[in-house]
Amino acid sequence: MLSEETEAILRSILQASDYGMMLTDLDHQTLACNGRFGELFGIDPSVAVTSDPKALRKKVFPQLENPGQWERQLDQIYSNPDLTY
């Protein structure tokens, strides 16, 4: 895919989803998130992409139903990024 196609597809997916979505790299840095993510967690999406990953987690954790389970799943995702979750 060309880079301009990738950006258009990513924007479409993020805007069309009813779910809060955040895309990160393998260093946990936020690359993109949608408005619904911002609504759910009270975070401006443009701030999320410039935030330190640890600071962003600290803001999100109190609002998760089961932070421990979420963190374990996230560790699994980062340890094997070729899988689908």
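**Methionine 21**

I started at methionine 21, which sits in the loop between α1 and β1. Helices here are DSSP runs of H or I with at least four residues, strands are runs of E with at least two, and both are numbered from the N terminus. The model is a predicted one: local features need pLDDT of at least 70, side-chain atom pairs count only at pLDDT 80 or more, and totals for chains, interfaces and linings use all residues. Residues are numbered from 1 along each chain as its sequence is written, and side-chain values use heavy atoms, with hydrogens and water left out.

I noted the cut-offs: buried is under 20% relative accessible area, exposed is over 50%, and partly exposed is in between, with a 1.4 Å probe and protein chains only.

Next I looked up what methionine 21 touches. Beyond its neighbours within four places in sequence, it is in contact with Ile13, Leu14, Ala32, Cys33, Asn34 and Phe37. Contact means heavy atoms within 4.5 Å. I also checked asparagine 34: it is 13 residues from methionine 21 in sequence, yet 5.7 Å away in space, C-alpha to C-alpha.

**Serine 17**

I stayed in that loop for serine 17, placed between α1 (3-16) and β1. Serine 17 is buried, because its relative accessible area is 18%. A polar atom of its side chain lies 2.9 Å from the backbone nitrogen of tyrosine 19. I looked up the rule for a polar contact: a pair of N or O atoms within 3.5 Å; within protein, one must be able to donate a hydrogen and the other to accept it, and residues adjacent in sequence count only if both atoms are side-chain atoms.

Leucine 23 belongs to strand β1 (residues 22-24). Its relative accessible area is 37%, so it is partly exposed. Accessible areas come from the Shrake-Rupley method with a 1.4 Å probe, and for residues only the protein chains shown count as cover.

**Histidine 28**

I moved on to the loop between β1 and β2 (30-33), where histidine 28 is found. Histidine 28 has a positive phi of about 75 degrees, although it is not a glycine. I noted the background: most residues other than glycine have a negative phi. Histidine 28 is partly exposed, because its relative accessible area is 27%.

**Salt bridges**

How many salt bridges does a search of the whole structure find? It finds 3. A salt bridge is a side-chain nitrogen of Lys or Arg within 4 Å of a carboxyl oxygen of Asp or Glu.

- Glutamate 7 and arginine 11 meet at 3.1 Å, N to O. They are about one helical turn apart, because they are 4 residues apart in helix α1. Glutamate 7 is partly exposed at 45% relative accessibility, and so is arginine 11, with a relative accessible area of 48%.
- Arginine 36 and glutamate 39 meet at 3.2 Å, N to O. Both lie in helix α2 (residues 35-41), 3 residues apart, about one turn of the helix. Arginine 36 is partly exposed at 33%, whereas glutamate 39 is exposed at 58%.
- Glutamate 71 and arginine 57 meet at 3.5 Å, N to O. This pair links distant parts of the chain, 14 residues apart: glutamate 71 is in helix α5 (residues 67-79) and arginine 57 in helix α4 (residues 53-60). Glutamate 71 is partly exposed, with a relative accessible area of 30%.

**The whole protein**

Last, I stepped back. The protein has 5 helices and 2 strands. Along the sequence they follow the pattern α-β-β-α-α-α-α. The radius of gyration is 13 Å, close to the 12 Å that the globule rule gives for 85 residues, so the protein is as compact as a globular protein of that length. That radius is taken over C-alpha atoms, and the rule is 2.2 Å times the number of residues to the power 0.38. The C-alpha trace spans about 40 × 30 × 25 Å along its principal axes.

I noted that buried residues make up 22% of the 85. The protein exposes about 6,300 Å², and carbon and sulfur atoms supply 53% of it. Among contacts between residues at least 6 apart in sequence, 14% join residues at least 24 apart.
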